[in-house]
Amino acid sequence: MITFEGVTKRYDDGTVAVDDLSLEAPTGAITVFVGPSGCGKTTSLRMINRMIDATGGRILLDGQDVRQIDPPTLRRGIGYVIQQAGLFPHRKIVDNVATVPYLLGWDKKRARARAMELLERVGLDAALARRYPFQLSGGQQQRVGVARALAADPPVLLMDEPFSAVDPVVRTSLQDELLRLQSDLQKTIVFVTHDIDEAIKLGDTVAVMRVGGRLAQMAGPATLLTEPADDFVREFLGRDRGIRRLSFIPAKDIRLAAVPADLALDASGRPLGWRTTGGLLPYGTFNPERDSLRAALDAALLAVNGTAVAVDEDGRVIGVATREALDEVLGQYAARHTTPAPGSPRPEEAHGTSAAAAPGSAPEVPAEASGPDGHAPPDPGPGDHTDGEGPRG
Ligand SMILES: Nc1ncnc2c1ncn2[C@@H]1O[C@H](COP(=O)(O)OP(=O)(O)OP(=O)(O)O)[C@@H](O)[C@H]1O
């Protein structure tokens with residue numbers, strides 16, 4: 001757990017970048033800091049690993065004031081990922097990933113073996129290990145940046161706009177990859193972005209900040225979409241909040257009907273289209289185990305008869321969701337959200353937490369071991385735990 005208690009940062013020129021910030025980033029969860037340019041997101045993030053020291057209040061890491069931990073020790077347990085990865089240009093990919101293990105004194109064979117394992121984990125081909133950063137695409141470099149931050153298995157990851165420099169398609173796949181990794185690794189992640197859609201997709205909890213470094217609202221993404229605290233948050237969230245909110249409602253509660261005769265299937269039970277006298281018409285599918293109500297509605301809207309086709313993991317039809325069945329779930333959702341019990345958490349936003357592991361016993365990581373852009377190094381540490389909310393995206 002990372003706790004901000006009345007944290008303020010006033011720079012030497014008098015700029016108040018962060019003003020009396022109090023919040024908690026739970027262990028094993030992704031907490032996103034989001035807000036317009038200059039609202040103090042990066043300053044807040046860097047105060048956690050003491051690249052910047054707070055001028056007021058305190059930040060606790062599992063109950064311990066970070067100012068009582070010397071920065072190299074602190075950073076052993078905190079991985080750090082930045083925009084454009086910040087890789088060392090003259091080091092091969094494998095050695096970039098092994099940077100921290102080398103600093104920790106691991107022998108070369110073990111460090112490289114760990115690096116290869118991580119490259120695979122972030123979805124990179126082993127053949128890329130021998131290349132230099134300039135020989136990789138932007139998306140591949142970002143993956144290397146994530147692998148490097150994970151190299152010594154730190155319990156905490158700080159990610160500062162890590163996917164901002166890549167195109168939207170690559171960005172989506174990096175986000176998906178991060179969620180997949182997180183479901184395995186359950187790190188305590190603080191993620192900075194100015195993109196509210198990214199925040200809503202990735203965050204278990206989202207802290208919306210306003211310029212002047214003040215917290216505007218902190219909530220699970222579903223609550224944020226349903227109940228923005230004020231006009232600033234409402235405006236920042238943008239349009240379509242109601243529709244986007246449906247992404248957090250699981251499709252598994254939708255009542256499925258038997259497969260009707262007018263749905264044509266192939267020999268293995270996969271859908272071909274809706275039969276009409278004029279031929280087969282388009283259909284839409286959703287997977288009740290994995291998808292959200294939004295996906296099911298989208299599937300229904302793709303078909304002229306308004307019926308969504310439910311499929312299993314292999315794409316085989318397991319039933320259909322009629323308009324009535326979708327209406328039922330929408331109705332339940334509306335009932336839940338028109339009469340909220342004051343202060344009661346949404347069932348789909350119940351956030352579990354658990355204790356982090358104790359700091360590791362690795363040697364010092366020198367402060368000057370910074371990336372080529374002058375940022376602090378990716379630093380190592382031990383492992384810990386998690387949580388989550390319904391379907392995302
Ligand atoms: N070293 C510094 N000295 C003085 N002011 C600074 C310094 N670093 C940042 N600031 C100011 O502090 C405020 C917050 O900056 P910060 O970089 O934390 O914002 P941000 O939300 O991360 O912005 P962006 O999304 O544009 O990266 C801004 O007004 C910025 O100009």
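## Basis of the description

A residue is called buried if 20 or more other C-beta atoms lie within 10 Å of its own, exposed if 12 or fewer do, and partly exposed in between, with the C-beta atoms placed from the backbone. The model is predicted, so local features need pLDDT of at least 70 and side-chain atom pairs count only at pLDDT 80 or more, while totals for chains, interfaces and linings use all residues. Residues are numbered from 1 along each chain as its sequence is written.

## Overall make-up

The protein chain contains 13 helices and 16 strands; these are DSSP runs numbered from the N terminus, helices being H or I with at least four residues and strands E with at least two. Of its 393 residues, 44% count as buried. Among contacts in the protein chain with a separation of 6 or more, 70% come from residues 24 or more positions apart, a contact being two residues whose C-beta atoms, placed from the backbone, lie within 7 Å.

Two domains are assigned, domain 1 covering 2-220 and domain 2 covering 251-334; the bounds come from an automatic or database domain assignment. A distance of 39 Å separates the C-alpha centres of domain 1 and domain 2.

Strand S1 (residues 2-10) and strand S2 (residues 16-25) run antiparallel and are joined by 6 bridges; strands count as paired if DSSP finds at least two bridges between them. Within this pair, Phe4 has Leu23 in S2 as its bridge partner. The hairpin of S1 and S2 has 5 residues between the strands, and Gly14 there takes a positive phi near 95°.

Strand S9 (residues 205-210) pairs with strand S10 (residues 214-219) in the antiparallel sense, over 5 bridges. Val208 is placed opposite Gln217 in S10. S9 and S10 also form a hairpin, with 3 residues between them, and Gly212 in the turn has a positive phi of about 105°.

## Sheet S11-S12-S13

An open sheet is formed by 3 strands in the order S11-S12-S13, with antiparallel pairing. Strand S11 (263-265) and strand S13 (279-281) are at the edges with a single partner strand each, so one side of each has no neighbour in the sheet. From one strand to the next the twist averages 50°, where axes are lines fitted to C-alpha atoms, for helices over the stretch in contact, and angles run from 0 to 180 degrees between N-to-C directions.

S11 is joined to strand S12 (residues 271-276) by 3 bridges, and the two run antiparallel. Leu265 stands opposite Pro271 in S12.

## Sheet S14-S15-S16

The order S14-S15-S16 describes another open sheet of 3 strands, in which the pairing is mixed. Strand S14 (285-286) and strand S16 (317-321) are its edge strands, each pairing on one side only. S14 and strand S15 (residues 308-311) pair in the parallel sense over 2 bridges, and Thr285 has Val309 in S15 as its bridge partner.

S15 and S16 pair in the antiparallel sense over 4 bridges, with Ala308 bridged to Ala321 in S16. The hairpin of S15 and S16 has 5 residues between the strands, and Gly315 in the turn has a positive phi of about 85°.

## Surroundings of the ligand

Around the ligand there are 13 residues, of which Tyr11, Ala17, Ser37, Thr42 and Thr43 come nearest; a residue is near a molecule or strand if its C-beta atom, placed from the backbone, lies within 6 Å of it. Helix H1 (residues 41-48) supplies the largest share of this shell, 3 residues.

By class, the shell holds 3 nonpolar, 8 polar and 2 charged residues. Here Ala, Val, Leu, Ile, Met, Phe, Trp, Tyr, Cys and Pro count as nonpolar, Asp, Glu, Lys and Arg as charged, and the others, Gly among them, as polar.

## Loop residues

Gly63 sits in the loop between strand S4 (56-61) and strand S5 (64-65). Gly63 counts as exposed because it has 8 C-beta neighbours inside 10 Å. Although Gly63 and Met1 are 62 residues apart in sequence, they are 7.7 Å apart in space, C-alpha to C-alpha.

Arg50, in the loop between H1 and S4, is a residue other than glycine with a positive phi, near 65°. Arg50 is buried because 20 other C-beta atoms lie within 10 Å. Glu161, in the loop between strand S7 (156-160) and helix H7 (168-185), is not a glycine either and has a positive phi of about 45°. With 19 C-beta neighbours inside 10 Å, Glu161 counts as partly exposed.
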